[in-house]
Amino acid sequence: MPDTSPETRLRDPGYFGLHLQAAAAIREVGQLGWYDSHFLRRVAIARAYLAKVRPDTLHAFAEGLALLAPAPGFREFVIADVFDAATRDEIAAIARAAQPEPGERQARENADFGRDVLWDIPRYLEFQEAIRPRLAALVGRPLVSSYNFLSRYGADGRCDVHMDDPLAMFTFDYCIEQDAVWPIHVSRVVDWIGGEVPAQFDPAAIIAEPGLDFREHLLEPGHALLFNGASQWHHRHPKSRGGYCNLLFFHYYPEGCENLVAAHRWPAHFGIPELEPLCELFTHPGHDGLG
Ligand SMILES: [Fe+2]
């Protein structure tokens, strides 16, 4: 088997040159600054990098990623009747009884969002898959089920403005139970592939920008909001009156996008070997090589 260790590859002058360009692009773009921004950051880095090493591929790269954009003019919508009464009851009972796993990840969710999170509960995965065809028909594209999680917000619940990784391209935000309506605000679709994302992240400025056309939605238990989490800014103001709100999130992306949502597959998918020295630096979210 050939030795593909980083040390060996870096001895190749061609690889080493691209590695330096990749590190420079990571430095140039820096951090975007919001929760779950690592994918969009990688896109921005890849664009900056390709502009230097393979400018002829920039157009095809953007065109390929466009599959992860919603249809022009897409707006979020409320679905009021997604589950029957028995299913709603079962979802609520599971949410009440679920025991969060303690640990570092849970501690972060407690501190950053004022919530307990339980990921991919098997019965919820079944429900997610069961409603997938209906949601696919509503958005007009075949969908693949991605991850899901139960989010039990307490009195300190907050959800600052952000856009998500395309694994959450279509986000189904279902209200299980709450003691009071907790509004969610969702912007129009943003063209992040075309670069319509500010270099400096200023959450207050984003929320206040009239051109982003934020709309408020008041979800009652049993209602869900379907929106494009990867292309629409969204947030909830910090809970001010205490209480609780149990939400269930199902995430989907379009069929055929499996190679796009995983940055390490970009070199082969796009047929751009020069992307390899860059994508090898895309490891864990938030820990991109020299980032
Ligand atoms: Fe989100």
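Let's start with Ala48, which is partly exposed, because 18 other C-beta atoms lie within 10 Å, and the cut-off for buried is 20 or more. This is a predicted model, so please hear everything I say with that in mind. Ala48 is found in helix H3. Setting aside residues up to four places away in sequence, Ala48 touches Ala25, Glu28 and Val29. There is also Leu58, 10 residues from Ala48 along the chain, and the C-alpha atoms of those two are separated by 9.4 Å.

As a reminder, two packed helices are described by the angle between their axes and the distance between the axes. For H2, residues 13-29, and H3, the angle is about 130° and the axes are 9 Å apart. The pair is therefore oblique, and H2 passes H3 in a right-handed crossing. On the H2 side, the contact is made by Leu18, Gln21, Ala22, Ala25, Ile26, Glu28 and Val29. Facing them from H3 are Arg41, Ala44, Ile45, Ala48, Tyr49, Lys52 and Val53.

Now, staying with H3, which way does it run relative to H4? The axes of H3, residues 38-53, and H4, residues 58-65, come within 10 Å and cross at roughly 160°. That angle makes H3 roughly antiparallel to H4. Here too the crossing is right-handed, with H3 passing H4. From H3, the residues involved are Val43, Ala46, Arg47, Leu50 and Ala51, and they meet Leu58, Phe61 and Leu65 in H4. The residues of this contact divide into 7 nonpolar, no polar and 1 charged.

Let's zoom out to the domains. The domain assignment gives domain 1 as 6-68 + 261-279, and domain 2 as 77-254. Their C-alpha centres lie 29 Å apart. How many residues are in contact across the two domains? There are 14 residues of domain 1 in contact with 16 residues of domain 2. On the domain 1 side of that meeting, H3 and H4 each supply at least two residues. H3 gives the most to that side, with 3 residues.

Is Asp173 buried or exposed? It counts as buried, because it has 24 C-beta neighbours inside 10 Å. Leaving aside its neighbours within four places in sequence, Asp173 is in contact with Ile184, Ala224, Leu225, Leu247 and Phe249. For a sense of scale, Asp173 and Pro102 are 71 residues apart in sequence and 24 Å apart in space, C-alpha to C-alpha.

Just after H6 comes Gly114, which takes a positive phi of about 65°.

Asp120 has a phi near 50°, a positive value in a residue other than glycine. You'll find Asp120 in the loop between strand S2, residues 115-119, and H7. Asp120 counts as exposed, because it has 12 C-beta neighbours inside 10 Å. The other aspartate is Asp213, whose phi is near 50° and likewise positive. Asp213 sits in the loop between helix H8, residues 203-208, and strand S7, residues 215-217. Asp213 is exposed, with 12 other C-beta atoms within 10 Å.

One last stop, and another loop. Gly140 lies between helix H7, residues 122-139, and strand S3, residues 143-153. With 9 C-beta neighbours inside 10 Å, Gly140 counts as exposed. From Gly140 to Gly33 there are 107 residues in sequence and 32 Å in space, C-alpha to C-alpha.

Notes: Residues numbered from 1 in each chain as written. Predicted model: local features only at pLDDT ≥ 70, side-chain atom pairs only at ≥ 80, totals over all residues. Helix = DSSP H or I, 4+ residues; strand = E, 2+ residues; numbered from the N terminus. Axes fitted to C-alpha atoms, helices over the stretch in contact; angles between N-to-C directions. Parallel < 35°, antiparallel > 145°, perpendicular 65-115°, else oblique. Left-handed = near helix turned anticlockwise from the far one by under 90°. Contact = placed C-beta atoms within 7 Å. Nonpolar A, V, L, I, M, F, W, Y, C, P; charged D, E, K, R; others polar. Domains from an automatic or database assignment.
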